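I opened this notebook to record what I looked up in the structure, one topic to an entry. Each entry says what I checked and what I found.

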Amino acid sequence: MTELLQPIQSTKTTCPYCGVGCGVVVRTQGKKIIDVKGDETHPANWGKLCSKGSKLAETATENVYGQVRASQPLLRIQRDQAVAPTDWNTALDFTAKEFARLIATYGPDSVGFYISGQLLTEDYYVFNKLAKGLIGTNNIDTNSRLCMSSAVSGYKRTLGADAPPCNYDDLALADCVFIAGSNMAYAHPVAYRRLEAARAAMPGHKLIVVDPRVTDTAAMADLHLKIQPGTDVMLFNAMLHVMMQNGWLDMATINKHTEGFEAMVKGLADYTPRLAASVCGVPEADIVTAATWFAQSSRTLSLYCQGLNQATTGTDKNTALIALHLATGHIGREGAGPFSMTGQPNAMGGREVGGLATLLPAHRELNNPAHVAEVAAFWGVKQISSTPGASAVEMFDQLEQGKIKAVWVACTNPAHSLPNSQKVARALQNAELVVVQDAYLTPATVHYADVLLPATTWGEKEGTVTNSERRISRVRAAMPAYGESKNDWQIVVDFAQRLEQELLKLGVESSRLDGSHRDSQPTALAGNAFLHYSSVEDIFNEHRETTRGRDLDITGLSYAVLETKGPQQWPMPEGEPQGKARLYEDGVYPTATGRAKFVFAPYEPVAEEADARFPWRLNTGRLRDQWHGGSRTGTLAEFFSHEAEPVISLHPADFKRLSLTPNSWVSVKSRRATITLRAKADESVARNQAVLPMHWGPEFFGGKAGVAGVNALTTEAFDPYSKQPELKHAAVNIQRVHLP
Ligand code: SF4
């Protein structure tokens, strides 16, 4: 039957781009997508979509996929050979033998998994179980480390759990909104439109934006605090100082529901608005105004993202901002609270299943022996290592040093997106084995793959994701898998069963695995193998069981409930008719004492201060119409009508000082690399600062892997608590160059 004679099907699923997590409806006829529209019943977007979401149909056509998709397994047996097409059995057998050999020879920490916030929760769960349960290594981390880990450590340090307390309805209920380090207009467009509409409907609404740039978001603000990069902690501390001096605190909330306030008062004594004005480079009066509006509005909501998180002081920035809410009682109420906006579509789902180097399922911690024992018993393994694994930056450091011998990269492009990306390229080059599991032939990382495992992607796979407001949505397949690609979870399971056999042959099983518990565990599913599932729903059900009694308890949720009731926020324990819209409304926090904590965070400068050799401050960020490394958005010409190529933006006075003219070329040099590109004068950028979009990788600048891309410039220095690198600031030198 031709496509046109086939019935039209509608499938509800979720947009694969940002953490807003908009619902979409995909109409298909046969194998073809007819169109993609916003889902009018989805609470994240009520039918609205941004430029990226509204073009999902165009980026998923056969024409586009023919150019960019991984369609069949590829393999090279030796490094000096080119990869060649192979079949799934050969690719997975080879990979399992190599992993088993390395584990038997060098131990389980000789391998690592670098996965992605683009994966679905079920994919994440099986990857985590493979690494920590079967292999016995905690070397599994994710590109969400580059995105949300400082927000996570900020929440845990102050409120006791990795749990954003608010929801999107609060955007319309707050009468004061404080946005710090987020260009929502570009990064979370549909949520931003909700905020715009709320402002229009609420006379006297106040919007404060903290950002070194005049972004589209900052341009809408009633008060824009154009701070020097990295000085957020100084600003937030000074705002709290002003509130204390003026008696604008909610002492009833502080006394009843918090601890550590006395130490906070002491710590903040020197953080005067005058000092902050000089460090942050903003008028003292504006700091006082921000403190006044924040404290004295009836409902203040903070929204924040990478400008706070991607810093060596990211945890401190989050901690200092949350202290403003605890001190003023703007938390646990409608329209009030600290609300981190998730960058990726499923960064939160990955944390729920513990898919990071320091976590275990259901927000359990590796440094908690009871948690380690619980998970070991649940999975039926003799033990789980309590040694933290290598986080994102550390993993590629250890790969470069030869401590990690093999890395498995899934659904991400580290040779493009990690800081100091040339070092990452060297690490991949030096590795004994690089496995890349991806739907797309990402140019930078795929270049190093010894094994390429083609995966399904949006529109082809089933599972769940969790958005910024803790809302779990279904992801559904509307089309068949492209080429020979397989679902990510199926690839992991197929590999795990082979690996277990190979480890048994090498005698590794007895030291690490204990099969005696497997049949007795309540969630053990069909079959005898450790990772054996007959459907993606089986994995969800096992994950759900790990959450019983935890802060994110979803034992009241199932695929059937998601089908009938629609997307739900966690927690939703058994017996609850729906998920919980807001957290901490009772003033009880998941800490040892039940009280939220004030933690004084002293101001520390950025890792790499500008100096005589590198006098410019470089900020990297997102464009409106592009997404990450452009695997998907880079396929459509119209996405380049906003910005056609990477151009570095400089203040007009600096542009003139460098004797630049439109289309001039500049070299941008950091302590790690140099790239050459065009420059433009841009009023939105402050003096002595530069802004560069992050979407172009090495392939744009040199046409081949290993040549410096945008992230070759950025520093891998990371926050000591969250291990999130400082992608938002690097010291650079910029000079005009004349190209032949
Ligand atoms: Fe997709 Fe985010 Fe745009 Fe919504 S706002 S359509 S989730 S990219």
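**Entry 1. Helix α21.** I began with helix α21, residues 421-430, and asked which of its residues are buried. They are Ser421, Lys423, Val424, Ala425, Ala427 and Leu428. I note here that the model is a predicted one. Next I looked up what covers these buried residues of α21. The cover includes the helices α19 (392-401), α20 (414-417) and α22 (443-446), along with the strands β16 (406-410) and β17 (433-438). One general point I keep beside this entry: an α-helix has 3.6 residues a turn, so residues three or four places apart point the same way.

**Entry 2. Helix α25.** I then turned to helix α25, residues 536-546, and asked how many of its residues are buried. Eight of the 11 are, and I wrote the helix down as mostly covered. The buried residues of α25 include Val536, Ile539 and Phe540. Asp538, Glu542, His543, Arg544 and Thr546 are also buried in α25.

**Entry 3. α10 against α14.** I looked up how helix α10 (residues 232-246) packs on helix α14 (residues 284-296). Their axes are 9 Å apart and the angle is about 65°. Angles of 65 to 115 degrees count as roughly perpendicular, and α10 and α14 are therefore roughly perpendicular to each other. The crossing of α10 past α14 is right-handed. On the α10 side, the residues in the contact are Leu235, Ala238, Met239, Val242 and Met243. On the α14 side they are Ile287, Val288, Ala290, Ala291, Phe294 and Ala295. I sorted the residues of this contact by class and got 11 nonpolar, no polar and no charged.

**Entry 4. α3 against α23.** From α3 I listed Trp88, Asn89, Leu92, Asp93, Thr95, Ala96, Lys97, Phe99, Ala100 and Ile103. They meet Ile491, Asp494, Phe495, Arg498, Leu499, Glu502 and Leu503 of α23. By class, the contact of α3 with α23 has 10 nonpolar, two polar and five charged residues.

**Entry 5. Salt bridges.** Side chains of opposite charge can pair when their charged atoms come close. I counted such pairs and got 46 salt bridges. I looked at some of them in turn.

Asp232 forms a salt bridge with Lys317, and the closest N and O atoms are 3.1 Å apart. Asp232 lies in helix α10 and Lys317 in helix α16 (residues 314-328), so the pair ties together parts that are 85 residues apart in sequence. Are the two partners buried or exposed? Asp232 is buried, with a relative accessible area of 4%, and Lys317 is buried too, at 3%.

Asp488 pairs with Lys461, with 2.6 Å between the closest N and O atoms.

Lys55 forms a salt bridge with Glu58, the closest N and O atoms being 3.8 Å apart. Glu58 is partly exposed, with a relative accessible area of 30%.

**Entry 6. Backbone.** Most residues other than glycine have a negative phi, and most peptide bonds are trans. I looked for exceptions.

A cis peptide bond joins Trp570 and Pro571, with omega about 0°. Pro571 is in the loop between β21 (568-569) and β22 (596-597). Tyr584 is also found in the loop between β21 and β22. Tyr584 is not a glycine, yet its phi is positive, about 65°. With a relative accessibility of 9%, Tyr584 counts as buried.

Ser659 is another non-glycine residue with a positive phi, about 60°. I found Ser659 in the loop between α27 (652-657) and β25 (665-669). Ser659 is partly exposed, with a relative accessible area of 47%.

Terms used: Residues are numbered from 1 along each chain as its sequence is written. This is a predicted model: local features need pLDDT of at least 70, side-chain atom pairs count only at pLDDT 80 or more; totals for chains, interfaces and linings use all residues. Side-chain values use heavy atoms; hydrogens and water are left out. Axes are lines fitted to C-alpha atoms, for helices over the stretch in contact, and angles run from 0 to 180 degrees between N-to-C directions. Helices (H or I, at least four residues) and strands (E, at least two) are DSSP runs, numbered from the N terminus. Angles under 35 degrees count as roughly parallel, over 145 as roughly antiparallel, 65 to 115 as roughly perpendicular and the rest as oblique. A crossing is left-handed if the near helix is turned anticlockwise from the far one by less than a right angle, and right-handed if clockwise. Contact means heavy atoms within 4.5 Å. Ala, Val, Leu, Ile, Met, Phe, Trp, Tyr, Cys and Pro count as nonpolar, Asp, Glu, Lys and Arg as charged, and the others, Gly among them, as polar. Buried means under 20% relative accessible area, exposed over 50%, partly exposed in between (1.4 Å probe, protein chains only). A salt bridge is a side-chain nitrogen of Lys or Arg within 4 Å of a carboxyl oxygen of Asp or Glu.
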